[in-house]
Amino acid sequence: MSKASRHARRWLLPMAVFGALLAAAEAWVAHGGAPMTIPKPSGVLRLLWAEHAMLLQQLATTVLTAAYGFLIALMLALGIGFAVYAAPRSEGPVLTAGAVLSSIPMIAIAPILSVWLGLTLGTRVLITVVICVFPMLVSVVQGLRESKAGEQELFTVLAASRWQRFRLLALPSAVPLLFVGLKISAPLAVLGALIGEWNGAENGLGVVMLNAMFGLQVQRLWATVLIACAVSSLAYVYICLLERVAGYDRAPAPEAA
């Protein structure tokens with residue numbers, strides 16, 4: 001099977017299923033069988049077009065918060081990863097603490113953080129960091145063990161310092177697994193930004209979403225949900241593209257003819 005045929009089979013079937021679901025939803029609402037919380041897809045698309053300028057402006061605020069939180073979480077994961085690499089006995093307690101922190105539902109403690117730290121961009125970024133950092137940390141810590149025994153012996157013979165081992169051996173070996181953590185965390189960054197905006201913000205897609213929900217503006221609510229889903233998917237695709245450009249893409253082997 002040619003490469004073009006594989007790509008066509010990969011994308012055409014999901015798009016056909018999605019189009020069929022939209023057509024079915026349109027017919028369902030048009031015949032009056034749907035609840036009032038389900039709008040016509042065509043009405044949602046018209047609202048997206050009519051209000052795209054306002055929605056893009058609000059989306060920019062959300063994306064900025066998500067980007068700040070994602071990058072700070074990455075720096076934090078690398079810093080903790082180096083500390084664990086320098087003191088291997090700390091790996092267990094660090095990962096346990098991270099697991100406990102990530103198991104706390106952020107939607108429950110976000111109001112406390114907002115009251116404690118204020119309704120600022122920093123609070124929303126902090127919420128995003130807490131949500132994103134654990135998948136990155138696990139991938140970094142596991143990836144730092146990926147270097148081969150022969151390479152470690154070579155650095156021992158060369159009397160490399162611990163920082164040199166981390167920078168020149170362990171960190172490059174960890175990059176493939178780091179991309180796994182980045183792909184998990186990229187959509188989570190959008191979720192973290194939205195949770196931060198739901199708990200107190202003046203601008204952002206989450207604010208528009210919340211106002212639409214309490215104002216029973218069903219079409220606008222669905223429009224914001226669609227935008228959030230699209231941005232989360234694009235964030236994942238962006239990391240996949242970076243992985244492919246960097247040459248770390250672990251694509252499956254082509255099928256036999």
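The entries below go from the overall fold to single residues, then to a pocket.

**Entry 1: the whole chain.** I kept in mind from the start that this is a predicted model. I looked up the secondary structure and got 10 helices and 0 strands. Reading from the N terminus, I wrote the order of elements as α-α-α-α-α-α-α-α-α-α. For the extent, I noted that the C-alpha trace spans about 75 × 60 × 30 Å along its principal axes. I then checked burial: 36% of the 257 residues count as buried.

**Entry 2: the nonpolar cores.** Which residues touch the most other members of the largest nonpolar core? I listed Phe-70, Ala-73, Ala-77, Met-136, Leu-144, Leu-182 and Ile-239, out of 28 residues in that core. Helix 3 (52–86), helix 6, helix 8 and helix 10 each supply at least two residues of this core. Helix 8 gives the most, with 10 residues. Setting aside neighbours within four places in sequence, I found Leu-182 in contact with Phe-70, Leu-74, Met-136 and Ile-239. There is also a second, separate core of 10 residues, and Leu-194, Val-208, Ala-228 and Val-231 are among them.

**Entry 3: Cys-132.** I located Cys-132 in helix 6. Is Cys-132 buried or exposed? Cys-132 counts as buried, because its relative accessibility is 0% and the cut-off for buried is under 20%. I then asked what surrounds Cys-132. Leaving out neighbours within four places in sequence, I noted contacts with Ala-73, Ser-185, Leu-188 and Ala-189.

Entry 4: I went through helix 5 (residues 106–117) and marked Met-106, Ala-110, Leu-113 and Ser-114 as buried. Why do these residues sit on the same side of helix 5? They cover an arc of only 100° around the axis, so they share one side of helix 5. The face turned away from that buried side carries the exposed residues Ile-112, Val-115 and Trp-116. I next looked for what covers the buried residues of helix 5, and the cover includes helix 6 (121–143) and helix 8 (162–198). After helix 5 comes Gly-118, and I wrote down its positive phi, near 100°.

**Entry 5: the second largest pocket.** I read off about 440 Å³ of space in the second largest pocket. Its lining has 16 residues, and I noted Phe-18, Leu-22, Pro-41, Trp-222 and Leu-226 as the closest to the centre. Which helices each supply at least two residues of the lining? I found helix 1 (3–30), helix 2 (41–50) and helix 10 (218–246). Helix 10 provides the largest share of the lining, 5 residues. Last, I sorted the lining by class and got 14 nonpolar, 1 polar and 1 charged residues.

Technical notes
Residues numbered from 1 in each chain as written. Predicted model: local features only at pLDDT ≥ 70, side-chain atom pairs only at ≥ 80, totals over all residues. Heavy atoms only, no water. 1 Å grid on protein atoms, 1.4 Å probe; cavity = no way out; pocket = protein on both sides within 12 Å on 5 of 7 lines; lining within 4 Å. Points joined across faces, edges and corners; volume = space filled by probe spheres on them. Helix = DSSP H or I, 4+ residues; strand = E, 2+ residues; numbered from the N terminus. Nonpolar A, V, L, I, M, F, W, Y, C, P; charged D, E, K, R; others polar. Buried < 20%, exposed > 50% of the residue type's maximum accessible area, 1.4 Å probe, protein only. Arc of directions from axis to C-beta. Contact = heavy atoms within 4.5 Å. Core = buried A, V, L, I, M, F, W, Y, C linked by side-chain atoms within 4.5 Å.
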